[in-house]
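Dear colleague,

Please find below the structure I wished to hand over to you. My notes on it follow directly after.

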Amino acid sequence: MTARSLVVPVLITLLAAFLRLHRFADFLTNVDHAYPIAQAIGIWESGRIATLGQSTSILFANPPGMTYMVLLPWGLFGTVWGVHYSVICLNLLIVPLTYHLMRKLGNTSQAWAASFLAATNPWTIYHSQGTWVQGLLPLWTTLTFVLLIKALLLSPAAPRSHRLFAAGLAFTALTQMYLLAFLSAAQVGLIAWINRRRLSWRGGIAALTVFGIATGLYIHQLAINWQVQSARLENFLMIEAPLQPRTTALEHALRHVTGRDYEIIYGNDGSAAWKMRRTLSLSVSLGLTAVLGLGLVRAVRRVVRSTPDAPFWLAAFLWWGVPIIALTATRQPVHIAYLLLTLPAGFVLAAPVLAPLAHRRIGAVVAIVLVVNSFLLLNAGRLALAARPAAEDLDRLSVRAIVPFQATAARLAGEYRLTEFYARLDSASLSAKVGRDVAAVNWVHLPEVEMFSIDRPAVYVRLEHGHPAAPLPLAMRAALLEYPGGDSIAFDVIPAHTRSQLLTLPQYRLEWPSREGLTLIGYDLSPERRELICSWVVDALTEGHWNWLYAPYAHFTNARSELVANLGAPGLPGYLYRAGDVYRYRIALPDLTPGVYQLELGLFDGIHRLGITFLPPDGIPQPFYLAPVILP
């Protein structure tokens, strides 16, 4: 291969890099993308080895392969931005790999066409940016297919063993990324069986050994965690939805070649510009659908006629078709990411139909249309997210929005020596955004319940839309991040309080302990604001607390002993109790006639019909605290 012959593939690869890296920080993340990063952070900071990956929504937990793939990028960059950038660069390799494979088959024009499709498909580009367990499927599926074909169909006898072993390593890596990637065993197995006479048994046995060891370790970890995994299996088997054929898998596989409907999901604002993008996208996708259809017919004809290249086209057909067939009849929704397993076969099958255009002017026009279509679709989606990078919730922030979040949160974590933040998101999502191995206290129902721990500061992180959140009553505003679109994230710090300082917080100080280990510190009564705040502390975790579901209540009775107000706040499962946690329950007061009332305060578990038993200073156990109050 001469330097001149590299010009086109290099230009195609640079084009692919541009489409992937342009505004790549305007990519929406969530806990799925955060989970491998959080596990990598845990390895770096705590030495906590990841034995299983993220739990799936339908069956067993995923293998932990993606965690170890992002381990080095996190160590190098220490930011979500850097990890996403690394994943994009790795997945970019599908373009030169696809070119290399088709070039080895002896047709440069087909190599240009296949790699160009890989470079410009918007769905493939989108799924090349994420850090979830499927994040590197474009790379590993393409690399496995390329190495397998080279080992079985493009190698002389001598190096075939080494190439087959390399294909086996890529296949093993693929299956260790993602549970559903084990489906690729059917693709690899069928192709290997059909070409069994060209198999190097030495290389094959070595590859199977590596695959067996990796899979065995994964199965061993599932067995260790079987109590959890078996429950997921039981739920999976109990699904009552009918098993019926659907075209979803085929449609998704086509989208990875044609780009169809990308504008429906991303950048869909209904504007005139969107309608133009929709028209262009439909035209392109219809044309590429016809191209792929002709490519499939051509592949079948060459297989039927047993042409010299028939084994290759049969392998490409199987690589593309097996996942489609396997996912056609299912009780579960089929996500488009599942069909990444078809890469790069769709590009390969379509390439011979487009190849004759490579040396004609019409070919340049088609290439420009494909690039423009892809850029418009991708850019519209990215600009829409840039306009509101924090439009949903704390879990779903863009990569760009996470950059200032991490800087602020990491600074506060260091300043206050935090191991946890009070935020409504998963701990894995929080750890990835903070860049530290931290936990999320996510069970606090603001504004009804406010919580902190004795002797430790509490940092609350809240996302508000339209206007910044007001500071919490006991907190000071530590930082405020304002994003485009009127969204903001507030960081409020409640200073550390000792146990004795808790008595300085309520208006009426009580210090009434209970047999259950929960102590009523006191309460604040504010008729002007129509609210009652009860302060409790978990002084001890007594036996049986795991099953409690206590909620605070406040009863007001009049002079005739009539109950005129039965009030409460959200309860808390006992398994969330931690010794030293302080809870301030805010209870809204109704309009009551001015006068003297009897106020009853306590905790009650409505499910188990249990109340707590106070042990007041006078030594006589009481089911509730009782005191007269005057409401003006």
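Predicted model: local features only at pLDDT ≥ 70, side-chain atom pairs only at ≥ 80, totals over all residues.

Two packed helices are described by the angle between their axes and the distance between the axes. In the case of α6 (residues 94–104) and α9, the axes come within 10 Å and cross at roughly 20 degrees. Angles under 35 degrees count as roughly parallel, so α6 is roughly parallel to α9. The crossing of these two helices, α6 and α9, is left-handed.

**Strand β15 and its partners**

Strand β15 spans residues 581–588 and is mostly covered, with seven of its eight residues buried. Which strands pair with β15? One of them is β5 (residues 449–453), which runs antiparallel to β15 and is joined to it by five bridges. Within this pairing, R584 of β15 stands opposite E450. Another is β11 (residues 531–538), which pairs with β15 over seven bridges, again in the antiparallel sense. Here R586 of β15 has I533 opposite. In a regular strand the side chains alternate between the two faces of the sheet.

**The β9–β10 hairpin**

Strands β9 (residues 508–512) and β10 (residues 518–526) are paired in the antiparallel sense, with three bridges between them. R509 has G522 in β10 as its bridge partner. Together β9 and β10 form a hairpin in which five residues separate the strands. In the turn, G517 has a positive phi of about 90 degrees.

**Cysteines**

A disulfide is a covalent bond between the sulfur atoms of two cysteines. How many disulfides does a search of the whole structure find? The search returns zero.

**Backbone geometry**

Most residues other than glycine have a negative phi, and most peptide bonds are trans. The following residues may therefore be of interest to you, given that general rule.

- The peptide bond from L343 to P344 is cis, and its omega is near -5 degrees. P344 belongs to the loop between β2 (329–330) and α18 (345–354).
- A cis peptide bond also leads from L446 to P447, with omega near 0 degrees. P447 is in the loop between β4 (439–441) and β5.
- R417 is not a glycine, yet has a positive phi of about 55 degrees. This residue, R417, lies in the loop between α20 (399–416) and β3 (420–422), and R417 counts as exposed because its relative accessibility is 76%.
- D455, likewise not a glycine, has a positive phi of about 70 degrees. D455 is found in the loop between β5 and β6 (458–465). Since the cut-off for exposed is over 50%, D455 counts as exposed at 51% relative accessibility.

With kind regards

Definitions and conventions
Residues numbered from 1 in each chain as written. Heavy atoms only, no water. Buried < 20%, exposed > 50% of the residue type's maximum accessible area, 1.4 Å probe, protein only. Helix = DSSP H or I, 4+ residues; strand = E, 2+ residues; numbered from the N terminus. Pairing = 2+ DSSP bridges. Disulfide = S-S within 2.5 Å. Axes fitted to C-alpha atoms, helices over the stretch in contact; angles between N-to-C directions. Parallel < 35°, antiparallel > 145°, perpendicular 65-115°, else oblique. Left-handed = near helix turned anticlockwise from the far one by under 90°.
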